[in-house]
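Q: I am new to this protein. Could we go through its structure together, one topic at a time?
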Amino acid sequence: MRSCVSIAMVALCLLMAGCTSLEVTPISSSSNLKHVVIVENSKVEVKNFVSVLQEGFERHGISAEIYTGEKVPATTGIVNYTALRSWDGWPYMSVAKVTVKQDSKQIGRGDFYLKGKGGFSLMKWRGTKYKINPLMDKLLENYEK
């Protein structure tokens, strides 16, 4: 009986190690955000990350364009991001950070990370949309969906 309890405790710890963490400061509706420029980060290797960000903004009624130049044009919102991959048999996204600035001031941010890089959870291999859509919905909760 004691060994069953020990096995159950170990299994519970392994499952908890695979939990997702979101830390989000939503953008206030008083920012009146209507358009953003997503500044391309060429170091990010998560293939569809930018398109998922763009879809997230547009889903909340905010137009979004991707900018690849060096000098960011004046706009109502500037979006910077990073996303990191981990590897366990094949690569998967384990960390992402999104910040939104307006008039050089941060007006919102969202951080996603897999605790313990996902542990033994099979959810760590889920796609970018599955991981980032909740972050975008929380970041833009004050804007129509």
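Q: Which pattern does the protein follow, read along the sequence?
A: The pattern is α-β-β-α-β-β-β-β-α. In total there are three helices and six strands; helices (H or I, at least four residues) and strands (E, at least two) are DSSP runs, numbered from the N terminus. This is a predicted model, in which local features need pLDDT of at least 70 and side-chain atom pairs count only at pLDDT 80 or more, while totals for chains, interfaces and linings use all residues. Residues are numbered from 1 along each chain as its sequence is written, and side-chain values use heavy atoms, with hydrogens and water left out.

Q: How much of the protein counts as buried?
A: Of its 145 residues, 36% are buried. Buried means under 20% relative accessible area, exposed means over 50%, and partly exposed lies in between (1.4 Å probe, protein chains only).

Q: And what share of the contacts comes from residues 24 or more positions apart?
A: Such residues account for 70% of the contacts with a separation of 6 or more. A contact means heavy atoms within 4.5 Å.

Q: Let us turn to α3. How many residues does it have, and how far does it reach?
A: Helix α3 covers residues 128-139, which is twelve residues, and spans 16 Å from its first C-alpha to its last, close to the 16 Å expected at 1.5 Å a residue. The expected span is 1.5 Å times one less than the number of residues.

Q: Which of its residues are buried?
A: In α3 these are Thr128, Lys131, Ile132, Leu135, Met136 and Leu139.

Q: Why do they line one face of the helix?
A: Seen down the axis of α3, the buried residues fall within an arc of 120°, so they line one face. The arc is that of the directions from the helix axis to the C-beta atoms.

Q: What do they pack against?
A: The buried residues of α3 pack against β1 (20-25), α2 (49-59), β5 (91-102) and β6.

Q: New topic: how many salt bridges does the structure hold?
A: There are six. A salt bridge is a side-chain nitrogen of Lys or Arg within 4 Å of a carboxyl oxygen of Asp or Glu.

Q: Where are Lys129 and Glu55, which meet in one of them?
A: Lys129 and Glu55 meet at 3.3 Å, N to O. The pair links distant parts of the chain, with Lys129 in helix α3 and Glu55 in helix α2, 74 residues apart. Lys129 is partly exposed because its relative accessible area is 42%, and Glu55 is partly exposed at 35%.

Q: What about Glu45 and Arg85?
A: Their side chains also form a salt bridge, at 2.6 Å, N to O. Glu45 sits in the loop between β2 (35-39) and α2, and Arg85 in strand β4 (residues 78-87), 40 residues apart. Arg85 has 40% relative accessibility, so it counts as partly exposed.

Q: Which residues are linked in a network of salt bridges?
A: Lys97, Arg109 and Asp111 form that network.

Q: Is Asp111 buried or exposed?
A: Asp111 is buried because its relative accessible area is 13%. This residue is found in strand β6 (residues 105-114).

Q: What does Asp111 contact beyond its neighbours within four places in sequence?
A: Asp111 is in contact with Ser21, Leu22, Glu23, Ala96, Lys97 and Leu135. Leu135 is also among the buried residues of α3.
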